Amino acid sequence: MTGDAPPGAGAGEQDPAQASGLAAFRHRDFLLYFFAKLFAMTAFHMVIVALGIQVWKITGNPMDLAYIGLTMFASAIGFALITGYVADRYDRRLVLAVCYLVMASAAVMFFLFAVSGTKVVWPVFLILVVYGTGRAFYMPASNALVPNLVPAELFPNAIAWNTTANKTTQIVGPALGGLLYELGPEVVYGTGTIIFITGALTMAMIKTRTLRGNKEPPNFKILLAGLDYVFNKKIVLGAITLDLFVVLMGGATALLPIYAMDILDAGASGAGFLRSAIAVGGVVTALLLTQITMTRGVGRILFASVTIFGLATIVFGISQWYVVSLIAMAILGAADMASVYIRQTLIQIATPDDMRGRVSAVNSVFVGTSNELGEFRAGVFAAWFGAVPAVVIGGIGAVAITGIFWKLFPELTRVERLDRALT
């Protein structure tokens, strides 16, 4: 394999001050990766927030919002066995560039749907299959590529900046999508297409190659290797499944259009800003994490973070004031960011490079399951009980699950620091 051990990889202990701050950006390919991700994922979130608003305005049915998440999940689970294999076998930067172009093609189709003026929404779900397919292959390739772009001692710093990029796009994308929606959904989809293409071109400029010389033909043993590794590595299993069940219960983003327009009276732009508030809390936390190294109590910090996530969800669910709701979303985002940073670093450090794509694919399926099925759960509960009970029940469930996992995975609670000892 070429390109997976940048200069300095495998070096010994380094001064923590030199492994924080902007350390990862001293490597050109990581810088290109960072900006390519900023472009493409901003477009992704622009399109998703506009789609939720458009579908809600056409049908006014919470179940249709639930089906958006379910369709995205179906795409992820449908390709679950091969996305990680593709990330491990083929050049990860080119896999990502193609993924961005696939999502750009879906944005073009959403544009055509919007300008058609149709009042039926079934075409949306067909297009979402294409959109979800692009994202399904994107997630494991993206996570697996990051360690190839920086020396080993900079993994935590690079992951902190990587998650900062995630949260930044979750601020800019929904806010921009909500604002541009006032000009029409077709404006959002057209702009998103251009930004996706820009991201693909930037990603293709990365020089690091991740091609493997010995390419084993795919078989079930190889395809299932990531799943086998996860189930036998208790720290990784605990980190992944904790996120799965907490977000499955606590996820409420599918209901933001209902809250913004029917409960908080904030309009379409208010829905975008609610989603952005989650990322504001996240990006502030992420920026703090780029300046520090965690040297003690990592497992306990992880569990405290997911507990705060659940409590913030409950506050958002019962709030009748827009400002309080924004604050609750920001706190939720901050807690989620701390959890994501710890989990992603644990998974990357505890996994050998030739397995990272497949393990990242398992993680991506679990994350997608939690996000998309969490949105589906929220939509179904909203249809059955109303939006407010759907969110509050989910928040209570998230807190309860955190306590259960504290008992189930004592290895995870005892993790003190993020380093190579985890392997």
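Predicted model: local features only at pLDDT ≥ 70, side-chain atom pairs only at ≥ 80, totals over all residues.
Let me begin with V108, which is found in helix α4, residues 92–116, where helices (H or I, at least four residues) are DSSP runs numbered from the N terminus, as are strands (E, at least two). Residues are numbered from 1 along each chain as its sequence is written, and side-chain values use heavy atoms, with hydrogens and water left out.

V108 counts as partly exposed because its relative accessibility is 37%, given that buried means under 20% relative accessible area, exposed over 50%, and partly exposed in between, with a 1.4 Å probe and protein chains only. Together with F111, L112 and V115, V108 makes a nonpolar surface patch of about 320 Å²; such patches take residues with over 30% relative accessible area and no salt bridge, nonpolar side chains being joined within 5 Å, and a salt bridge is a side-chain nitrogen of Lys or Arg within 4 Å of a carboxyl oxygen of Asp or Glu.

Turning to the chain, we find 17 helices and zero strands, and of the 423 residues 61% are buried.

Helix α1, residues 28–59, is mostly covered, with 25 of its 32 residues buried. Just after α1, G60 takes a positive phi of about 65°.

Note on methods
Patch = residues over 30% accessible without salt bridge, like charges linked within 9 Å, V, L, I, M, F, W, Y side chains within 5 Å. Areas by Shrake-Rupley, 256 points an atom, 1.4 Å probe, with all protein chains shown as cover.
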